[in-house]
Amino acid sequence: MTWTVTPERFDSPDAALLRRDYYDEVASRYWGRPATAEEIDEGLTDDGAELLVAPAGEFVVGRFDGRAAACAGLVVTDAGVAELTRVFVRPEVRGTGGGGLLLAAVEDRARALGVRTLRLDTRGDLVEARGLYAKHGYREVPAFHRRQYAEHWFAKELRTTA
């Protein structure tokens, strides 16, 4: 059982399905019921995914034994600062190392773009995500924006690789 993580367009068939499944999970958890197809479509409309492309962004897809099973995005927001977004690992493969590989791939791309600080926001009910970030060196920081649904903010200072 092996993972591979590679850059991929956010709108490729595998990436689009992963983004849809990501939104389904976070919306369903938030509402406490399964999200409808219409709600998922609405949430994905104008969601900013077009920012996840070069030169100031990236989207990566993780494959577990060849099957698309995880994703993460990166958007440069200011000089030296980028935001980690849309981090998702399918529930059936959580705990197998894919989340850490996603973070490492996005951090490597961020360094290549001159990013020194990588930050993100998440909700309180997304406990697996908060655990993943803490395990990989992200620390909770004061709020750096006031977007709807954000309840916890994290940041990580990226070290340059020699």
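This is a predicted model: local features need pLDDT of at least 70, side-chain atom pairs count only at pLDDT 80 or more; totals for chains, interfaces and linings use all residues.

Q: What makes up the secondary structure of the chain?
A: Four helices and seven strands. Helices (H or I, at least four residues) and strands (E, at least two) are DSSP runs, numbered from the N terminus. From that end, the order is β-α-α-β-β-β-α-β-α-β-β.

Q: Why does the radius of gyration of the chain agree with a compact globule?
A: The radius is taken over C-alpha atoms, and the globule rule is 2.2 Å times the number of residues to the power 0.38. For 162 residues, a compact globule would come near 15 Å; the chain has 15 Å, so the two agree. The C-alpha atoms fill a box of roughly 45 × 40 × 30 Å along the principal axes.

Q: What share of the contacts in the chain joins residues at least 24 apart?
A: Contact means heavy atoms within 4.5 Å. Among contacts between residues at least 6 apart in sequence, 62% join residues at least 24 apart.

Q: What makes an open space a pocket?
A: On a 1 Å grid over the protein atoms alone, a pocket is an open set of points with protein on both sides within 12 Å along at least five of seven lines; a cavity is a set where a 1.4 Å probe fits but cannot get out. The largest pocket here has a volume of about 1,300 Å³. That volume is the space filled by probe spheres set on the points, which are joined across faces, edges and corners.

Q: Which residues line the largest pocket nearest its centre?
A: Lining residues have an atom within 4 Å of a point. There are 49 of them, and Y22, V26, R86, V87 and L126 lie nearest the centre. The helix α1 gives the most, with nine residues.

Q: How does the lining of the largest pocket divide into nonpolar, polar and charged, and what sets these classes?
A: Ala, Val, Leu, Ile, Met, Phe, Trp, Tyr, Cys and Pro count as nonpolar, Asp, Glu, Lys and Arg as charged, and the others, Gly among them, as polar. The lining holds 21 nonpolar, 14 polar and 14 charged residues.

Q: How many aromatic pairs does the structure hold?
A: Five. Rings of Phe, Tyr and Trp (its six-membered ring) pair if their centres lie within 6.5 Å; planes under 30 degrees apart count as stacked, over 60 as edge-to-face and the rest as tilted.

Q: Why is the pair of Y30 and Y149 called edge-to-face?
A: Their ring centres are 4.9 Å apart and their planes stand at 85°, so the pair is edge-to-face. Y30 lies in helix α1 and Y149 in the loop between β6 and β7, so the pair ties together parts 119 residues apart in sequence.

Q: What makes Y133 and F154 a tilted pair?
A: The centres are 5.8 Å apart, with 55° between the planes. Y133 is in helix α4 and F154 in strand β7, so parts 21 residues apart in sequence are tied together. Ring pairs link Y133, Y138 and F154 into a cluster.

Q: Why do Y133 and F154 count as buried?
A: Buried means under 20% relative accessible area, exposed over 50%, partly exposed in between (1.4 Å probe, protein chains only). Y133 has 5%, so it is buried. F154 has 4%, so F154 is buried too. Of the 162 residues of the chain, 45% count as buried.

Q: Why is Y30 called partly exposed?
A: Its relative accessibility is 41%, so Y30 counts as partly exposed. Y149, at 38%, also counts as partly exposed.

Q: Is E8 buried or exposed?
A: Buried, because its relative accessibility is 18%. E8 is in the loop between β1 and α1. Beyond residues up to four places away in sequence, E8 touches D14, A15, F59, V60, V61 and R63.

Conventions
Residues are numbered from 1 along each chain as its sequence is written. Side-chain values use heavy atoms; hydrogens and water are left out.
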